[in-house]
Amino acid sequence: MDQRLIERCLQEDRRAQGELYKLLYKQLIGTCWRYATDKEQAIEYLNLGFVRILLNLKQYKPEVPFELWARRVTINTIINEFKKNKVWKDRNRVGLPEFLMQSTEESDLSGAQQEMLEAIRSKALELPPM
C-alpha cells in the first residue's frame, strides 16, 4: 500500500479516500461475504468497515501490512454489528428498544444528524414487532 495515499487519507482528501476504497474493495468484499447472508448485507458491512478504517487510520502502524490491518478492522466491525443485532433482537422481544424513547435534545448531534435520527426513529416505530 502506498504510504502517500494513506497520508492523503489522513488529511481527509476525498479523492484519496475513494482510491483507497477501490484498492481495498475486492479484498474486503470477499471478507464481508463470508459473514453476510446476502449482497446488501455484505455491502453494508463493507461500507461500515471502510468508515471505521478511515476513522481509525491514525492508529495504523506501518510495521503491519495495511491490507491485513484493514481486514482486521472490517472483521471487528462485523463482529460489533452481530453484537448490536443480537441486542436489538433481545430488546425487540421485550418491547420497543430503549433508544427509540430517548430524546435527541440531550445529545451532542448537529441539527442535520438530529433530523436524520428522528427520521430513523419514526420509521423504526412503524416496523412490525417481528
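## Leucine 54 and its contacts

Leucine 54 touches Gln17 and Leu20, leaving aside residues up to four places away in sequence. Contact means heavy atoms within 4.5 Å. Leucine 54 lies in helix H3. Helices (H or I, at least four residues) and strands (E, at least two) are DSSP runs, numbered from the N terminus. At 24% relative accessibility, leucine 54 counts as partly exposed. Here buried means under 20% relative accessible area, exposed over 50%, and partly exposed in between (1.4 Å probe, protein chains only). From leucine 54 to tyrosine 21 the C-alpha distance is 9.9 Å, across 33 residues of sequence.

This is a predicted model: local features need pLDDT of at least 70, side-chain atom pairs count only at pLDDT 80 or more, and totals for chains, interfaces and linings use all residues. Residues are numbered from 1 along each chain as its sequence is written, and side-chain values use heavy atoms, with hydrogens and water left out.

## Glutamine 17 and helix H2

Glutamine 17 sits in helix H2, residues 14-35. With 10% relative accessibility, glutamine 17 counts as buried. Its contacts are Cys9, Glu12, Phe50 and Leu54, again not counting residues up to four places away in sequence. Other buried residues of H2 include Leu20, Leu24 and Leu28.

Aspartate 13 caps the N-terminal end of H2. One of its side-chain oxygens lies 3.0 Å from the backbone nitrogen of arginine 15. H2 also has a kink of about 55°, centred on tyrosine 25. The bend at a residue is the angle between axes fitted to the seven residues ending there and the seven starting there.

## The aromatic cluster

The structure holds 7 aromatic pairs. Rings of Phe, Tyr and Trp (its six-membered ring) pair if their centres lie within 6.5 Å; planes under 30 degrees apart count as stacked, over 60 as edge-to-face and the rest as tilted.

Phenylalanine 50 is buried, with a relative accessible area of 7%. Ring pairs join Tyr21, Tyr25 and Phe50 into a cluster.

The 17 residues of H3 should span 24 Å at 1.5 Å a residue, and its end C-alpha atoms are 24 Å apart, which agrees. The expected span is 1.5 Å times one less than the number of residues. Among the buried residues of H3 are Tyr45, Leu46 and Phe50.

Glutamate 81 is found in helix H4, residues 66-94. Glutamate 81 is buried, with a relative accessible area of 11%. Glutamate 81 touches Glu44, Tyr45 and Leu48, not counting residues up to four places away in sequence.

## Whole chain and confidence

The protein chain has 6 helices and 0 strands. Buried residues make up 28% of its 130 residues. Of the contacts with a separation of 6 or more, 50% join residues 24 or more positions apart.

The chain averages a pLDDT of 84, and 82% of the residues score at least 70. pLDDT is the predictor's confidence in each residue, from 0 to 100. Among the elements, helix H3 has the highest mean pLDDT (95) and helix H5 (residues 98-101) the lowest (55). Where pLDDT is low, the predicted coordinates should not be read in detail.

Key:
Polar contact = N/O pair within 3.5 Å; in protein donor to acceptor, adjacent residues only side chain to side chain.
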